[in-house]
Amino acid sequence: MLGLTLLGLVVIGIDPFPHAPRIGALLVGVALLTGAGIRRALPSVGMLAVRSRFTDMITYGVLGGGIVLFALMTQPKPWLEIPFLKEVVRFTVR
């Protein structure tokens, strides 16, 4: 999980190809989703025992999913377009 996050941050920082920020953000989001899965699968957590497993899974899952969605919708030329999002933004920003 830490290695994938580090790889994503390095890709964002070095910017070696045109879609590097999007790919790096996707890697960070996938790392968080992987962390949620690992937290669910492993019974022994060591120092993480101060928080509940449910709290960790929800936090990692929501943050990871949000980062992945935002990375896919990054402008210009988004890889994912949500049809009703333009109307929601137009209605709220008037």
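In this predicted model, D15 sits in the loop that runs between α1 (2–14) and α2, and its phi is near 55°, a positive value in a residue other than glycine. With a relative accessible area of 43%, D15 is partly exposed. A second residue with this kind of backbone angle is K77, which has a positive phi of about 55° although it is not a glycine; K77 belongs to the loop between α3 and α4 and, at 69% relative accessibility, counts as exposed. The loop between α3 and α4 also holds P76, and the peptide bond that leads from Q75 to P76 is cis, with omega near -5°.

The loop between α2 (20–41) and α3 (53–72) contains S52, a residue that counts as partly exposed at 36% relative accessibility. From S52 to A41 there are 11 residues in sequence and 14 Å in space, taken from C-alpha to C-alpha.

Side chains of opposite charge can pair when their charged atoms come close. The structure holds 1 salt bridge, and it is formed by D56 and R39, whose closest N and O atoms are 2.7 Å apart. Because D56 lies in helix α3 and R39 in helix α2, the pair ties together parts that are 17 residues apart in sequence. D56 is buried, with a relative accessible area of 3%, and R39 is likewise buried, with a value of 6%.

The accessibilities of the residues discussed here, including V93 from helix α4 (residues 85–93), are set out below.

| Residue | Relative accessible area | Class |
|---|---|---|
| D15 | 43% | partly exposed |
| R39 | 6% | buried |
| S52 | 36% | partly exposed |
| D56 | 3% | buried |
| K77 | 69% | exposed |
| V93 | 61% | exposed |

V93 is also part of a nonpolar surface patch of about 450 Å², which it makes together with F84, L85, V88 and V89.

Rolling a probe the size of a water molecule over the atoms shows where empty space is left.

Methods:
Residues numbered from 1 in each chain as written. Predicted model: local features only at pLDDT ≥ 70, side-chain atom pairs only at ≥ 80, totals over all residues. Heavy atoms only, no water. Helix = DSSP H or I, 4+ residues; strand = E, 2+ residues; numbered from the N terminus. Buried < 20%, exposed > 50% of the residue type's maximum accessible area, 1.4 Å probe, protein only. Salt bridge = Lys/Arg side-chain N within 4 Å of Asp/Glu carboxyl O. Patch = residues over 30% accessible without salt bridge, like charges linked within 9 Å, V, L, I, M, F, W, Y side chains within 5 Å. Areas by Shrake-Rupley, 256 points an atom, 1.4 Å probe, with all protein chains shown as cover.
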